[in-house]
Amino acid sequence: MGLLLFFLLAAVVSCTQAYVQPVHRSRVVSLSSTAVKFDLARYLDTKKNVVEKALDSSLSATSPNVEKIIESMKYSLMAGGKRIRPILCLASCEMFGGTEAMAMPTAVALEMIHTMSLIHDDLPAMDDDDLRRGKPTNHVLYGEDVAILAGDALLSTSFEHVAAHTQGVPAERVVDVLRRLGTSVGAYGLAGGQVMDLACENKEGVTLKDLEWIHMHKTAALLKVSVAAGAILAGASKEDVANCELYAEKIGLAFQIADDILDVTATSEELGKTAGKDEDTNKTTYVKLLGLEQSKKEADRIVAEAKQALAKYGDKAAPLLGIADYIVARKN
Ligand code: GRG
């Protein structure tokens, strides 16, 4: 009788597991197996190559009078870099069934905007740096006057590029993308974040909340529009765009925490920019407020939240999930 009861119980337990496990596993598997099965390095490499080609053909001088400014713009645009923003845009467009071609003009525009922000960030009036992407900064080579104008020209060309070259997408989606790009650069984006960042230099009492505000605007805003724009171009629903934005805000914050960590752990050669700069300019960073170990934990926690925002898309989200991991694991 005891033995019979034992077998009955074992049968019930095994039936329950057979039912529960696949459901439980499929959630875990679709998140963790993507990281295992998906070849992120190859994906990033392939996408980077197509982006580089599109960037290279996006600017050319058609008159001797513009040769100098185009050379200066192109010098920084083609100086290397991970091309994360364009890749995010292509990945989210493809996740919602769009094509690479639909998103490429916006991907190029995002890198133009990002490059503009790096040129301006390195100027003597801002971070005053002479090394970027392992090369002399734009103003070191072309002078401050031309560097400022090259940044301005990259910014305005970015909008022109989206408007002139986006094909196969309804006009209202393109207008939505242009509007969001504008917001991401202005007072509620990069420029606002940078002003607050400058105001907090050499200042005591900067809090985690202040730091988060700075990075949500200075860093996360452009990542947010990168992912959202790809989704919008593909015709994603409002809810899907909102999920993408949540993912991007999280990776934006994690990106900046990783940057603060790299600033104290990597060399200038590894970074392609001056290491230890935050300490020199007396900036408040996550490492300063939380310490190195806690900052790493915080970055990991936020990346997990980012991935959770896209959990419902399963394997279709593999590139974006992989990029979330890459953002904290990167070496530069
Ligand atoms: C002029 C309107 C206007 C705005 C510019 C200067 C500025 C305002 C904002 C600064 C924005 C900035 C430089 C934020 C830092 C973002 C960041 C983490 C840059 C590094 O990005 P990576 O690691 O660089 O993607 P690569 O070189 O790989 O592209």
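Welcome to a predicted model, in which local features need pLDDT of at least 70, side-chain atom pairs count only at pLDDT 80 or more, and totals for chains, interfaces and linings use all residues. Residues are numbered from 1 along each chain as its sequence is written, and side-chain values use heavy atoms, with hydrogens and water left out.

**Confidence**
- The average pLDDT (the predictor's confidence in each residue, from 0 to 100) is 89 for the protein, and 89% of the residues score at least 70.
- Over residues 1–36, pLDDT stays under 50, and the model has 17 contacts (heavy atoms within 4.5 Å) for them beyond four places in sequence.

**The cavity**
- On a 1 Å grid over the protein atoms alone, a cavity is a set of points where a 1.4 Å probe fits but cannot get out, and lining residues have an atom within 4 Å of a point.
- Grid points are joined across faces, edges and corners, and a volume is the space filled by probe spheres set on the points.
- Searching the whole structure turns up 1 cavity of 30 Å³ or more.
- The largest cavity holds about 100 Å³ of space.
- Its lining has 13 residues, with Ser76, Ile119, Asp122, Arg132 and Asn138 nearest the centre.
- Two or more lining residues come from each of helix H3 (67–77), helix H5 (100–121) and strand S2 (135–136), where helices (H or I, at least four residues) and strands (E, at least two) are DSSP runs numbered from the N terminus.
- H5 gives the most to this lining, with 3 residues.

**Around the ligand**
- Lys82 places a polar side-chain atom 2.6 Å from a ligand oxygen atom.
- For His114, a polar side-chain atom lies 2.8 Å from an oxygen atom of the ligand.

**Glu245**
- Glu245 sits in helix H11 (residues 238–265).
- Beyond its neighbours within four places in sequence, Glu245 is in contact with Arg180, Lys224 and Ala228.

Terms used:
On a 1 Å grid over the protein atoms alone, a cavity is a set of points where a 1.4 Å probe fits but cannot get out, and a pocket is an open set with protein on both sides within 12 Å along at least five of seven lines; lining residues have an atom within 4 Å of a point. A polar contact is a pair of N or O atoms within 3.5 Å; within protein, one must be able to donate a hydrogen and the other to accept it, and residues adjacent in sequence count only if both atoms are side-chain atoms.
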